[in-house]
Amino acid sequence: MNVKFNPKTHILEIEYQFRDVEEPNLFRNIYPYNEVPRLVFNHRIVPMNVPERLYITDTTFRDGQQSRSPYTVEQICRIYDYLHELDNGSGVILHTEFFVYSKQDKEAVLKCLEKGYDSPKVTAWIRAKKEDFEIVKSLGIKETGILVSCSDYHIFKKLKMTRSQAMKQYLEIVSAALEAGIIPRCHFEDITRADFYGFVLPFINELMKLSKEANMPVKIRACDTLGLGSPIPGVALPRSVPQIIYGIVNYGEVPSEWLEWHGHNDFYKAVINSTMAWLYGASMVNTSLLGIGERTGNTPLEAMVMEYIQIRGSADGMNVAVISEIADYFKKEIGYEIPPMTPFVGDNFNATRAGIHADGLMKDEEIYNIFDTGKILGRPPKVIIDAYSGIAGIVIWINRYFKDSGIDIQVDKKDPRVQKVKEWVDGQYENGRNTSISDEELKEVVKEVFGI
């Protein structure tokens with residue numbers, strides 16, 4: 001057992017050594033496969049270590065395209081513009097990554113590079129193959145992600161290699177990137193099923209040696225490929241997000257500004273795991289717009305904007321209202337259906353159907369609205385009219401309709417015209433209707449009743 005002085009913690013610690021193994025370690029006590037994965041506890045609690053700067057990165061054009069039809073070049077360019085407008089010169093939206101394989105991929109990369117935006121920067125994603133790296137060089141991209149699968153599931157079962165063979169291949173491609181002056185970002189695929197002390201940390205130690213020799217950053221992306229990470233204190237590795245991030249920073253001696261978390265939502269933990277990564281030492285969290293990504297999706301970019309504001313107490317210059325513009329673009333121009341209950345961007349996110357909630361909104365919208373959504377997102381709270389909206393809901397709907405139409409009328413629950421509208425709504429449901437009243441339907445009724 002080797003011991004060395006850790007300049008991060010200023011104490012002597014065990015030096016974790018690479019372990020080559022003949023058989024893969026699949027952590028069957030945690031991942032039996034024929035059962036739901038288990039949460040095993042070691043009761044180890046590590047301290048929070050929030051970095052000085054927090055960043056959001058984007059994979060809308062890479063992972064975000066792996067679960068849907070590819071975007072057109074024009075759509076990619078417009079979405080990239082939106083990301084730039086959301087960042088608004090803050091530098092928080094640090095970079096976005098692109099595929100570079102097809103003719104369309106390359107055209108989109110070049111068009112976005114021509115825009116010359118400082119943020120988000122254009123980066124690439126490649127496999128750990130020399131021919132892929134040549135494409136990146138030809139496009140003039142300054143940073144690229146490199147897939148370095150780190151669990152034995154991938155090393156033994158997918159790559160058909162040993163740990164030492166995989167590490168050798170990975171280090172060769174990273175060295176090639178550094179020699180060309182391109183910053184490598186190593187994507188540690190499937191880190192939540194990997195041997196952290198026997199492969200992950202020793203591999204990171206080798207990467208940091210290359211970084212020092214080249215006097216260039218070697219960035220690390222910890223990828224929770226199957227969404228298996230857990231934020232719960234005391235959960236054992238390899239599932240513990242706090243222990244993964246703390247270990248990479250303190251044992252791997254990776255600067256926080258070089259460390260990024262990439263999460264998936266298979267167990268509904270994409271957002272909280274990303275937040276925990278920030279809190280325990282990763283400067284960057286990787287996201288996609290609307291959470292679009294493989295299977296259950298990635299961490300939603302818009303969610304992490306809100307997490308950032310809650311942690312920092314400020315948007316630090318980001319133009320948060322652009323989130324609503326992005327959602328409208330996806331719905332109207334791309335034809336993407338956003339589930340209505342989706343936070344911040346779904347049609348129902350700040351809407352109510354219940355009459356008792358509507359009555360509260362009418363008295364003071366702060367009672368039932370999470371924050372001033374009209375000011376911050378350009379989306380004031382609204383009501384959806386159905387059998388349970390009550391007269392309060394109808395009053396709110398009518399007053400909003402008048403305001404949006406520039407009509408100088410405000411009504412209350414005692415107005416007899418409002419009662420007529422309610423009678424029409426009640427009649428719909430007495431006759432067997434079981435769907436909500438659309439805005440267009442209600443507009444026509446209000447116009448008729450109010451003589452507009």
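**A chat about a barrel and its loops**

Student: Where is K160 found?

Tutor: K160 is found in the loop between α4, residues 152–158, and α5, residues 163–179. Please keep in mind that this is a predicted model.

Student: OK, and what is phi of K160 near?

Tutor: Phi of K160 is near 55°, which is a positive value in a residue other than glycine.

Student: Is K160 buried or exposed, and why?

Tutor: K160 counts as exposed because its relative accessibility is 64%, and the cut-off for exposed is over 50%.

Student: Which loop holds E253, and what is phi there?

Tutor: E253 sits in the loop between α7 and β9, the latter being residues 259–263, and phi of E253 is near 55°, again a positive value in a residue other than glycine.

Student: Switching topic, which strands make up the closed barrel?

Tutor: The closed barrel has 8 strands, in the order β3-β4-β5-β6-β7-β8-β9-β10, and their pairing is parallel. From one strand to the next, the twist averages 25°.

Student: Take β9 and β10, then: how many bridges do they pair over?

Tutor: β9 and β10, where β10 covers residues 284–287, pair in the parallel sense over 3 bridges. Within that pairing, W261 stands opposite V285 of β10.

Student: What about helices, which strands does α8 lie across?

Tutor: Helix α8, residues 270–279, lies across β3, β8, β9 and β10, and it runs at about 160° to β10. Helix α6, residues 196–214, lies across β7 and β8, and α6 runs at about 180° to β7.

Student: Zooming out, how many helices and strands are in the chain?

Tutor: The chain has 15 helices and 12 strands, and its C-alpha trace spans about 85 × 50 × 40 Å along the principal axes. Of the 452 residues, 55% are buried.

How values were computed. Residues are numbered from 1 along each chain as its sequence is written. This is a predicted model: local features need pLDDT of at least 70, side-chain atom pairs count only at pLDDT 80 or more; totals for chains, interfaces and linings use all residues. Side-chain values use heavy atoms; hydrogens and water are left out. Helices (H or I, at least four residues) and strands (E, at least two) are DSSP runs, numbered from the N terminus. Buried means under 20% relative accessible area, exposed over 50%, partly exposed in between (1.4 Å probe, protein chains only). Two strands pair if DSSP finds at least two bridges between them. Axes are lines fitted to C-alpha atoms, for helices over the stretch in contact, and angles run from 0 to 180 degrees between N-to-C directions. Contact means heavy atoms within 4.5 Å.
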